[in-house]
Amino acid sequence: MARLRHAAAPGGTPAREASDLDSVRGWWKTLGGDGFVVLPPPTRSRYTQSDGHEDAAELCAVRGLATGTSFAYWHWQAHQAFDRSGALKSELMLYWGGDHAAVAAGLGAGPAGFRVVDGGPQGAFRLDRVTTRDGAGLPDPTDPAGVRQFLAALDEPVDRTRLPFVHRPLTAAEAAWLHDRLRDPLDPSATARFVVSLERRDALTAEETRRLLDAWRERYADRLADWDAWRAVLHALLRHHHEEAWDVVASLGARAADVLGEVPSERGLAVLRELAVPAELAVLGGPGRAGDRATITAWLTAHRAVREPDPVRAAAELAAELGAHGTSEAAMRALAIALTGAVTADRRRATGADYPTGRLFRALAAVRFSTDERLPRALRVAIAGLARDDVDHVREEAVRLGPAYTDATGTDTAEALAAVDRYEAARDELLAGTGPDLTLGEGILCRDWHRYRTLADADVRWLRAQVADPGTGVQGLAYCLELLLAHGAATEAEVEALLPRWKKELTKRYRTTYTEWRHPLVTLTCLALDLDHPAAAALSAWWNKPTPVWKNDLRLLTHLGAPDETKAAELWDFVTSGAHDVGQLMTWVLIRARLDGEAPLLVADRLLGTPGIRAHDLERVLIGVADPAQPLWYYSADPRRRDWWRRAQDVADHPGLSAEARAIGLRAARDHHLIRYPDELRPAPTEAELTAARAWIAAHAAD
């Protein structure tokens, strides 16, 4: 049951039922002691694991607990496992720090009616309800938690070497139980999970598919993609050759691409081409980006199934067609990913190779394809970008594994090393004037930030071209303009390029909490002020208006443009007020450094211990300004990325800093994933990088 009834209140008044959340909170209050503490249930301010670790450090400091005390917590994102009534609708992830064994012992088995599953030293603990099954392993259909857990077990793939993943066959009892859930009257929202589990095994019948289509159209009408099971039903429609499948495809547009790749046909191939080639997108008129990764991958899959099975020849044909229509770099990059993924999947299916072995093969494939003259140059350029992070691994693994490398990849060491040499000879020429896909997630873009600590002339040209391109979105503008301004390479041309766009596009809210760049309108305003551009007055006036309210948090960041003592004083009042900091302290340090003509690091160092300034914010700023030519604006010292690792080293090794400042840098370096969790770093570190990092830490062991 999802709810337990409390005892009646005094006087016989029935008490409300205790929710799952009540039960978990009650149990949570009983935990702690003997070197283990639990944080209170979260509010919105504890949104990430980093926030949880900060809260734990603060709690231990307040209680006077020893450094290294083990702790457990969940954050606000994990809290969404509870619905509004407090019922647990999915596993509750419990995160932790300190000693794994101590946390496991402290959490124990969980509250009555629940269980805690240990995710291991590198994972989270998971809390869920205890449920039961009948003799055939089936849940009670009226038990939501039991049904959810049953479906989760059915949906766990048994083969991840291919897409779509392969799932185990259903038993006769399981199949009958799932089909029973699809009896009339059909409720699309209630049946979606059962539909998906059946069609993952091509098990929806033609009659079920017909009824599901009718119910889907009736309930969702002009918003077909809002139903969780739409992909499964479209898959079944195509598999059963329903003519109406093509009406659905036309309505869904690019969102239908991956399903068309799973059920390939000549007609589907034609649709995928229309979706993938920019000039033809208007034929279907559907939403989605032309040439996006899902569309290109599905197009290659279908092309191989219907026309040309050889992956290299098929990719070359698609690349030639994309190139003939003036496709974007993003589309060619998507084809590069699709090609290396396809040959790797082929290899894994043929050899039964596991995922790590597949990664060895994929890395080598990218290195080899970068110089494969069978492929058009534009595609080789895109593949060379993928191989940039792999080439050192290929060299290391080929030498280290020797004959085992040949077994894993089908290529001997000498041939692999020759491929590396060819790649390195061609790399600079291939990659000159290229850059990342600016539409990728901010986390992926942040991983590449360290590449731009210095800018080559080709980098500057590429960044300026993106700013000048009307098709570059807000995120891309923020990324490129920040780099140009920080490195002193932004000019009046960038201001002029963005003036026609700023009121309509750049005045929209864009969160930069987890980025190394600021809102593009902040950066543009700073640039215009520094240049004394005529537009600076209008930009500043907009920031000083009372609306929109969201910009008030960012207004003071524009003071970095043409700074003066008045701006510095206003910022200082803010940073010492205790208000939430979204870059104001960083801005003040950079302003003070400009006004005084000294290094920002020295300014930040002098602030250590200043009353009214939060230590966490100052430590982040201290590391973030280590290189004033590329300040790091992320909200915390991110242990997952190399730029923070290198800045931490810079601080720890700086002879002109106080011992306290150097200790902050060393502590950040010791906590970095390169040292603590190298397997979680992306791109993965090489053995040479790991050896150098560990040697640096060892050399500072006595510090």
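Start by selecting Glu321 and Arg273: their side chains meet in a salt bridge at 2.2 Å, N to O. A salt bridge here is a side-chain nitrogen of Lys or Arg within 4 Å of a carboxyl oxygen of Asp or Glu. The pair links distant parts of the chain, 48 residues apart. Glu321 sits in helix α14 (residues 311-324) and Arg273 in helix α12 (residues 266-276). The structure holds 49 salt bridges.

The model is predicted: local features need pLDDT of at least 70, side-chain atom pairs count only at pLDDT 80 or more, and totals for chains, interfaces and linings use all residues. Residues are numbered from 1 along each chain as its sequence is written, and side-chain values use heavy atoms, with hydrogens and water left out.

**Whole chain**

Zoom out. The chain has 35 helices and 7 strands. These are DSSP runs numbered from the N terminus: helices are H or I with at least four residues, strands are E with at least two. The radius of gyration is 28 Å, close to the 27 Å that the globule rule gives for 703 residues, so the chain is as compact as a globular protein of that length. That radius is taken over C-alpha atoms, and the rule is 2.2 Å times the number of residues to the power 0.38. The C-alpha atoms fill a box of roughly 80 × 75 × 60 Å along the principal axes.

**Two domains**

Colour 20-129 as domain 1 and 442-700 as domain 2. The bounds come from an automatic or database domain assignment. The domain centres, over C-alpha atoms, are 33 Å apart.

Now show the interface. The buried area is about 500 Å², with 33% from carbon and sulfur atoms. Buried area is the accessible area (1.4 Å probe) that two parts lose on being put together, summed over both.

Which side chains form the salt bridge? Select Arg614 and Glu54, 4.0 Å apart, N to O.

**Backbone stops**

Go to Thr547 and Pro548. A cis peptide bond joins them, with omega about -5°. Pro548 lies in the loop between α27 (536-544) and α28 (565-575).

Next, Arg682 to Pro683: this peptide bond is also cis, omega near -5°. Pro683 lies in the loop between α34 (673-676) and α35 (687-699).

Finish at Asp34, in the loop between α1 (20-29) and β3 (36-38). Asp34 is not a glycine, yet has a positive phi of about 55°. Most residues other than glycine have a negative phi, and most peptide bonds are trans.
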